[in-house]
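Here are a few friendly notes to read alongside the model.

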Amino acid sequence: MINLLTINPVAFSLGPIGIRWYGILIALGIVLAFIVVQKEMVKRGMHPDFLTDLLIWAVPISIISARIYYVIFSWDYYKENPGQIIQIWEGGIAIHGALIGAFITTYVYTKRRGISFWKTVDIAAAGLLIGQLIGRWGNFMNQEAHGGPVSEKFLETTIIPDWIMNQMTIEGVTYHPTFLYESLWNLVGLIIIILLRRVNLKRGEMFLFYLVWYSIGRFFIEGIRTDSLYVIGELRAAQLVSVMAIVVSVVIFIIRRYVRKVDVNYQDD
(Lines give C-alpha, C1' and ligand atoms only; values in the text may rest on other atoms or scores of the structure.)
Protein backbone atom coordinates (compact mmCIF):
# COMPACT_ATOMS: atom_id res chain seq x y z
CA MET A 1 0.00 0.00 0.00
CA ILE A 2 1.29 3.46 -0.91
CA ASN A 3 2.02 5.44 2.22
CA LEU A 4 -0.01 8.60 1.68
CA LEU A 5 -0.71 11.30 4.21
CA THR A 6 -4.20 11.30 5.68
CA ILE A 7 -6.53 14.04 4.53
CA ASN A 8 -7.07 17.01 6.83
CA PRO A 9 -10.77 17.19 7.78
CA VAL A 10 -10.55 21.00 7.66
CA ALA A 11 -10.68 22.16 4.03
CA PHE A 12 -9.72 25.78 4.76
CA SER A 13 -10.07 28.44 7.44
CA LEU A 14 -11.77 31.80 7.50
CA GLY A 15 -9.94 33.50 10.32
CA PRO A 16 -10.60 31.47 13.47
CA ILE A 17 -13.36 29.43 11.78
CA GLY A 18 -12.38 26.12 10.21
CA ILE A 19 -14.50 25.03 7.24
CA ARG A 20 -14.63 21.25 7.33
CA TRP A 21 -14.89 18.90 4.39
CA TYR A 22 -17.81 17.22 6.16
CA GLY A 23 -19.95 20.35 5.93
CA ILE A 24 -18.87 21.03 2.36
CA LEU A 25 -19.83 17.53 1.23
CA ILE A 26 -23.16 17.62 3.06
CA ALA A 27 -23.94 20.94 1.37
CA LEU A 28 -22.84 19.54 -2.01
CA GLY A 29 -25.13 16.55 -1.54
CA ILE A 30 -28.08 18.81 -0.73
CA VAL A 31 -27.42 21.04 -3.75
CA LEU A 32 -27.09 18.16 -6.22
CA ALA A 33 -30.13 16.42 -4.76
CA PHE A 34 -32.10 19.66 -5.08
CA ILE A 35 -31.14 20.07 -8.75
CA VAL A 36 -32.14 16.50 -9.65
CA VAL A 37 -35.39 16.51 -7.66
CA GLN A 38 -36.38 20.01 -8.81
CA LYS A 39 -35.98 19.03 -12.45
CA GLU A 40 -38.13 15.92 -12.01
CA MET A 41 -40.80 17.75 -10.02
CA VAL A 42 -41.23 20.39 -12.73
CA LYS A 43 -41.32 17.61 -15.33
CA ARG A 44 -44.08 15.90 -13.33
CA GLY A 45 -46.14 19.12 -13.33
CA MET A 46 -45.36 20.48 -9.86
CA HIS A 47 -44.85 24.18 -9.15
CA PRO A 48 -41.19 25.30 -9.52
CA ASP A 49 -41.21 26.93 -6.05
CA PHE A 50 -42.69 23.94 -4.22
CA LEU A 51 -39.42 22.18 -3.42
CA THR A 52 -37.73 25.38 -2.24
CA ASP A 53 -40.64 26.18 0.06
CA LEU A 54 -40.61 22.63 1.44
CA LEU A 55 -36.86 22.62 2.11
CA ILE A 56 -37.07 25.87 4.07
CA TRP A 57 -38.90 23.81 6.69
CA ALA A 58 -37.49 20.34 6.06
CA VAL A 59 -33.75 21.09 6.26
CA PRO A 60 -33.63 22.75 9.72
CA ILE A 61 -36.21 20.33 11.14
CA SER A 62 -34.20 17.38 9.81
CA ILE A 63 -31.00 18.69 11.43
CA ILE A 64 -32.78 19.13 14.76
CA SER A 65 -34.42 15.70 14.60
CA ALA A 66 -31.09 14.12 13.63
CA ARG A 67 -29.58 15.61 16.78
CA ILE A 68 -32.52 14.58 18.98
CA TYR A 69 -32.27 11.01 17.69
CA TYR A 70 -28.54 10.90 18.47
CA VAL A 71 -28.98 12.36 21.94
CA ILE A 72 -31.79 9.91 22.80
CA PHE A 73 -29.65 6.89 21.96
CA SER A 74 -26.61 8.41 23.71
CA TRP A 75 -28.54 9.50 26.78
CA ASP A 76 -26.20 7.84 29.27
CA TYR A 77 -23.58 10.36 28.17
CA TYR A 78 -25.75 13.44 27.71
CA LYS A 79 -27.60 13.11 31.00
CA GLU A 80 -24.20 13.62 32.65
CA ASN A 81 -23.29 16.40 30.20
CA PRO A 82 -26.56 18.25 29.47
CA GLY A 83 -24.73 21.39 28.38
CA GLN A 84 -23.41 19.54 25.34
CA ILE A 85 -26.85 18.57 24.03
CA ILE A 86 -27.10 21.70 21.91
CA GLN A 87 -23.46 21.62 20.80
CA ILE A 88 -24.23 20.08 17.43
CA TRP A 89 -21.13 21.70 15.95
CA GLU A 90 -19.10 19.20 17.98
CA GLY A 91 -20.65 16.33 15.99
CA GLY A 92 -23.35 13.82 16.79
CA ILE A 93 -26.20 13.51 14.31
CA ALA A 94 -27.91 10.44 12.87
CA ILE A 95 -29.26 9.94 9.36
CA HIS A 96 -32.30 8.02 10.60
CA GLY A 97 -33.27 10.97 12.78
CA ALA A 98 -32.91 13.30 9.80
CA LEU A 99 -35.06 11.05 7.62
CA ILE A 100 -37.79 10.81 10.26
CA GLY A 101 -37.86 14.60 10.56
CA ALA A 102 -37.91 15.04 6.77
CA PHE A 103 -40.73 12.53 6.28
CA ILE A 104 -42.93 14.06 8.97
CA THR A 105 -42.31 17.58 7.67
CA THR A 106 -43.08 16.53 4.10
CA TYR A 107 -46.28 14.76 5.15
CA VAL A 108 -47.60 17.77 7.09
CA TYR A 109 -46.52 20.27 4.43
CA THR A 110 -48.06 18.37 1.50
CA LYS A 111 -51.33 17.85 3.38
CA ARG A 112 -51.56 21.57 4.15
CA ARG A 113 -50.83 22.44 0.52
CA GLY A 114 -53.21 19.82 -0.90
CA ILE A 115 -50.41 18.06 -2.78
CA SER A 116 -49.91 14.29 -2.98
CA PHE A 117 -47.47 13.11 -0.31
CA TRP A 118 -46.75 9.92 -2.25
CA LYS A 119 -46.04 11.79 -5.47
CA THR A 120 -43.67 14.10 -3.62
CA VAL A 121 -41.65 11.39 -1.87
CA ASP A 122 -41.55 9.23 -5.00
CA ILE A 123 -39.79 12.03 -6.82
CA ALA A 124 -37.59 12.82 -3.81
CA ALA A 125 -36.32 9.24 -3.47
CA ALA A 126 -33.51 9.78 -5.98
CA GLY A 127 -32.47 12.97 -4.20
CA LEU A 128 -32.30 11.21 -0.84
CA LEU A 129 -29.91 8.62 -2.26
CA ILE A 130 -27.77 11.33 -3.87
CA GLY A 131 -27.50 13.21 -0.58
CA GLN A 132 -26.66 10.06 1.35
CA LEU A 133 -24.07 8.67 -1.04
CA ILE A 134 -22.21 12.01 -1.15
CA GLY A 135 -22.65 12.76 2.54
CA ARG A 136 -20.93 9.50 3.53
CA TRP A 137 -17.71 10.88 2.11
CA GLY A 138 -17.83 13.46 4.88
CA ASN A 139 -17.38 10.53 7.27
CA PHE A 140 -14.36 9.51 5.19
CA MET A 141 -12.81 12.94 5.63
CA ASN A 142 -13.42 12.77 9.38
CA GLN A 143 -12.08 9.20 9.65
CA GLU A 144 -15.31 8.09 11.28
CA ALA A 145 -18.24 5.71 10.74
CA HIS A 146 -15.75 2.97 9.92
CA GLY A 147 -15.84 -0.73 10.68
CA GLY A 148 -13.53 -2.96 12.67
CA PRO A 149 -9.85 -3.62 11.87
CA VAL A 150 -9.08 -5.38 8.60
CA SER A 151 -6.64 -8.26 8.16
CA GLU A 152 -3.41 -8.21 6.20
CA LYS A 153 -5.03 -10.59 3.71
CA PHE A 154 -7.81 -8.05 3.13
CA LEU A 155 -5.25 -5.32 2.46
CA GLU A 156 -3.35 -7.58 0.05
CA THR A 157 -6.42 -8.62 -1.96
CA THR A 158 -8.63 -5.53 -1.81
CA ILE A 159 -9.30 -3.52 -4.97
CA ILE A 160 -10.10 -0.46 -2.86
CA PRO A 161 -7.66 2.37 -3.76
CA ASP A 162 -4.72 2.97 -1.45
CA TRP A 163 -5.73 6.58 -0.74
CA ILE A 164 -8.99 5.36 0.76
CA MET A 165 -7.36 2.69 2.89
CA ASN A 166 -4.73 5.18 4.07
CA GLN A 167 -7.45 7.54 5.28
CA MET A 168 -9.01 4.57 7.10
CA THR A 169 -5.71 3.94 8.90
CA ILE A 170 -5.93 5.52 12.35
CA GLU A 171 -3.03 5.33 14.80
CA GLY A 172 -1.47 2.51 12.79
CA VAL A 173 -4.64 0.39 12.51
CA THR A 174 -6.56 0.08 9.23
CA TYR A 175 -10.34 -0.25 9.43
CA HIS A 176 -13.13 -1.36 7.10
CA PRO A 177 -14.25 1.65 5.01
CA THR A 178 -17.94 1.12 5.76
CA PHE A 179 -18.65 4.66 4.56
CA LEU A 180 -17.60 3.42 1.10
CA TYR A 181 -19.77 0.30 1.28
CA GLU A 182 -22.84 2.37 2.08
CA SER A 183 -22.03 5.02 -0.51
CA LEU A 184 -21.72 2.38 -3.25
CA TRP A 185 -24.91 0.65 -2.07
CA ASN A 186 -26.73 3.98 -2.38
CA LEU A 187 -25.23 4.55 -5.83
CA VAL A 188 -26.61 1.22 -7.05
CA GLY A 189 -29.97 2.11 -5.50
CA LEU A 190 -29.94 5.46 -7.32
CA ILE A 191 -29.36 3.74 -10.67
CA ILE A 192 -32.23 1.34 -9.99
CA ILE A 193 -34.53 4.22 -8.99
CA ILE A 194 -33.77 6.03 -12.25
CA LEU A 195 -34.55 2.85 -14.22
CA LEU A 196 -37.74 2.27 -12.23
CA ARG A 197 -39.06 5.64 -13.40
CA ARG A 198 -39.47 4.06 -16.83
CA VAL A 199 -41.36 1.09 -15.37
CA ASN A 200 -44.01 3.54 -14.12
CA LEU A 201 -44.80 1.87 -10.80
CA LYS A 202 -47.87 2.65 -8.76
CA ARG A 203 -47.62 5.94 -6.91
CA GLY A 204 -45.72 5.48 -3.64
CA GLU A 205 -43.85 2.35 -4.67
CA MET A 206 -40.72 4.22 -5.74
CA PHE A 207 -40.40 5.65 -2.25
CA LEU A 208 -41.16 2.29 -0.63
CA PHE A 209 -38.42 0.73 -2.75
CA TYR A 210 -36.01 3.38 -1.49
CA LEU A 211 -36.88 2.59 2.13
CA VAL A 212 -36.41 -1.15 1.65
CA TRP A 213 -33.22 -0.82 -0.41
CA TYR A 214 -31.51 1.61 1.94
CA SER A 215 -32.62 -0.31 5.03
CA ILE A 216 -31.28 -3.65 3.77
CA GLY A 217 -27.88 -2.15 3.07
CA ARG A 218 -27.79 -0.21 6.32
CA PHE A 219 -28.75 -3.28 8.37
CA PHE A 220 -25.77 -5.32 7.20
CA ILE A 221 -23.25 -2.48 7.04
CA GLU A 222 -24.23 -1.33 10.54
CA GLY A 223 -23.22 -4.75 11.84
CA ILE A 224 -19.62 -4.00 10.79
CA ARG A 225 -19.41 -0.50 12.27
CA THR A 226 -17.75 0.24 15.60
CA ASP A 227 -19.56 3.50 16.43
CA SER A 228 -23.16 2.28 16.52
CA LEU A 229 -25.87 3.70 18.76
CA TYR A 230 -27.48 0.99 20.89
CA VAL A 231 -31.01 0.51 22.16
CA ILE A 232 -30.54 -2.22 24.76
CA GLY A 233 -27.45 -4.35 25.21
CA GLU A 234 -26.04 -5.26 21.80
CA LEU A 235 -29.20 -4.27 19.90
CA ARG A 236 -28.11 -1.55 17.47
CA ALA A 237 -30.57 1.28 16.94
CA ALA A 238 -29.91 1.56 13.20
CA GLN A 239 -30.51 -2.15 12.67
CA LEU A 240 -33.76 -2.05 14.64
CA VAL A 241 -35.00 0.98 12.69
CA SER A 242 -33.95 -0.66 9.42
CA VAL A 243 -35.94 -3.83 10.15
CA MET A 244 -38.96 -1.76 11.17
CA ALA A 245 -38.70 0.29 7.95
CA ILE A 246 -38.56 -2.85 5.80
CA VAL A 247 -41.57 -4.45 7.51
CA VAL A 248 -43.68 -1.28 7.43
CA SER A 249 -42.77 -0.63 3.77
CA VAL A 250 -43.75 -4.14 2.70
CA VAL A 251 -47.04 -3.93 4.61
CA ILE A 252 -47.87 -0.55 3.05
CA PHE A 253 -46.96 -1.88 -0.40
CA ILE A 254 -49.35 -4.84 0.00
CA ILE A 255 -52.17 -2.68 1.33
CA ARG A 256 -51.85 -0.02 -1.38
CA ARG A 257 -51.49 -2.45 -4.29
CA TYR A 258 -53.78 -5.34 -3.31
CA VAL A 259 -56.27 -3.93 -0.77
CA ARG A 260 -56.78 -0.30 -1.74
CA LYS A 261 -55.74 -1.07 -5.34
CA VAL A 262 -54.19 2.32 -6.03
CA ASP A 263 -54.64 3.08 -9.73
CA VAL A 264 -52.41 6.16 -9.99
CA ASN A 265 -48.94 5.60 -11.45
CA TYR A 266 -45.66 7.44 -10.98
CA GLN A 267 -45.84 9.24 -14.31
CA ASP A 268 -49.45 10.35 -13.88
CA ASP A 269 -50.12 14.03 -13.16
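1. α10 (237–259) is the helix that gives the most to the lining of the second largest pocket, with six residues. At least two lining residues each also come from α4 (95–113), α5 (117–142) and α9 (205–222). Helices here are DSSP runs of H or I with at least four residues, numbered from the N terminus.

2. This is a predicted model, where local features need pLDDT of at least 70 and side-chain atom pairs pLDDT 80 or more, while totals for chains, interfaces and linings use all residues. Residues are numbered from 1 along each chain as its sequence is written, and side-chain values use heavy atoms, without hydrogens and water.

3. The second largest pocket holds about 340 Å³ of space. Its lining counts 17 residues, with Ile100, Phe103, Leu211, Val241 and Ala245 nearest the centre. A pocket is an open set of points on a 1 Å grid, reached by a 1.4 Å probe, with protein on both sides within 12 Å along at least five of seven lines; lining residues have an atom within 4 Å of a point.

4. In that lining, 14 residues are nonpolar, three are polar and none is charged.

5. Now for the helix pair: α4 and α5 pack at about 155°, with axes 12 Å apart. That makes α4 roughly antiparallel to α5, a label for angles over 145 degrees.

6. From α4, Phe103 and Tyr107 are among the residues that meet α5, whose partners include Phe117 and Arg136; contact means heavy atoms within 4.5 Å.

Definitions and conventions
Points joined across faces, edges and corners; volume = space filled by probe spheres on them. Nonpolar A, V, L, I, M, F, W, Y, C, P; charged D, E, K, R; others polar. Axes fitted to C-alpha atoms, helices over the stretch in contact; angles between N-to-C directions. Parallel < 35°, antiparallel > 145°, perpendicular 65-115°, else oblique.
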